[in-house]
Amino acid sequence: MTEEKEQQHEHHSHSHHSITQHSTDARGPILGISKALVVLSILGIIVSLYLTWHHYALIANPHLLSFCDVSTTFNCSEVNSSKYASFLGTPVALLGLLYFLTLLIFSIKSLKTDSWYKHLAVTYGFGIFFSLYLIYAEFALKTICTLCTVLHIIIITGLILSITALKKTHSWKKGFLREYLWSVAGYLFLFLLVIGFSNLPGPNPSNVPAEFGTCLKEAGLVEYASYTCSACIAQKKLLGNAYKNIDAVECHPEGPGANIPRCKKVPIEATPTWTIEKNGTILDKKVGLQTLEDLATWSNCTLTTRE
């Protein structure tokens, strides 16, 4: 009796092992696609992480160069410091980082379950719109961001691999539309959450009285800016009501009311650039986003905020 049970146990173990082995062998080619998708997601995370750091670093120091700033045509800093580098107050690179983190989770899950290829295909499909936005920004700025191009390639490759896996496993036939709609709802919720968090009022809300801007102008402070510069946009938002009274000079050739001769006279190497000028003579100069406290100290103006 004992011998019979042992034989049954061995037969069961052998059958289980055979099924497992068959399942693993059957997913062999698909497993390779999942592993490739994991690698693509990690590459996307690394590139997006660098671009996110680079975006914030450029706001503090517009002179900062990137290793991919090869020329005026191929220049990551030009794109990453432009107004297109933020969407609804949130850095595009940060949105990209969250996007590829989501893809990494889905890719890891696809190593064991075929149904996740549906989520991957939908997510990579959304990424095409992300790529089109960046391409539009590059076209508008007449500059190519090399690292952005790397992200385009990752997204297109990931989409092709995901669709290939969907076809091989036939998993697109099983509730694809339902899961597609759930994915859309999830992405919209995450997107709105990130946008909302990014636009929370900071420690220096834009409730600065207009008189502060008047004082800065009377003290001789001049801001040289560009309408495409994300740090300039942040500076304008920081000054709030006071900005309309400062002496601001547009240095982008296509910007509204551009004064290129005055910008060249300084000269301007990066925006925003602040100067103190008396009778046409530049007495001092600072480059980059300036805090309200720094502007108040520099100009000897009193900084008060309204509740």
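One cavity of 30 Å³ or more is found in the structure, a predicted model. Here a cavity is a set of points, on a 1 Å grid over the protein atoms alone, where a 1.4 Å probe fits but cannot get out. The largest cavity holds about 140 Å³ of space, a volume being the space filled by probe spheres set on the points, which are joined across faces, edges and corners. Its lining (residues with an atom within 4 Å of a point) counts 14 residues, and N80, V92, A93, L134 and C148 come closest to the centre. Two or more lining residues come from each of α2 (28-60), α3 (76-80), α4 (92-109), α5 (116-141) and α6 (146-169); helices are DSSP runs of H or I with at least four residues, numbered from the N terminus. By class, this lining has 11 nonpolar, three polar and no charged residues, where Ala, Val, Leu, Ile, Met, Phe, Trp, Tyr, Cys and Pro count as nonpolar, Asp, Glu, Lys and Arg as charged, and the others, Gly among them, as polar.

A pocket, in contrast, is an open set with protein on both sides within 12 Å along at least five of seven lines. The largest pocket has a volume of about 970 Å³. E78, S81, E269, A270 and T271 are the closest to its centre among 35 lining residues. The lining comprises 17 nonpolar, 12 polar and six charged residues, and α10 gives the most to it, with three residues.

Residues are numbered from 1 along each chain as its sequence is written. Local features need pLDDT of at least 70 and side-chain atom pairs 80 or more, while totals for chains, interfaces and linings use all residues, and side-chain values use heavy atoms, without hydrogens or water.
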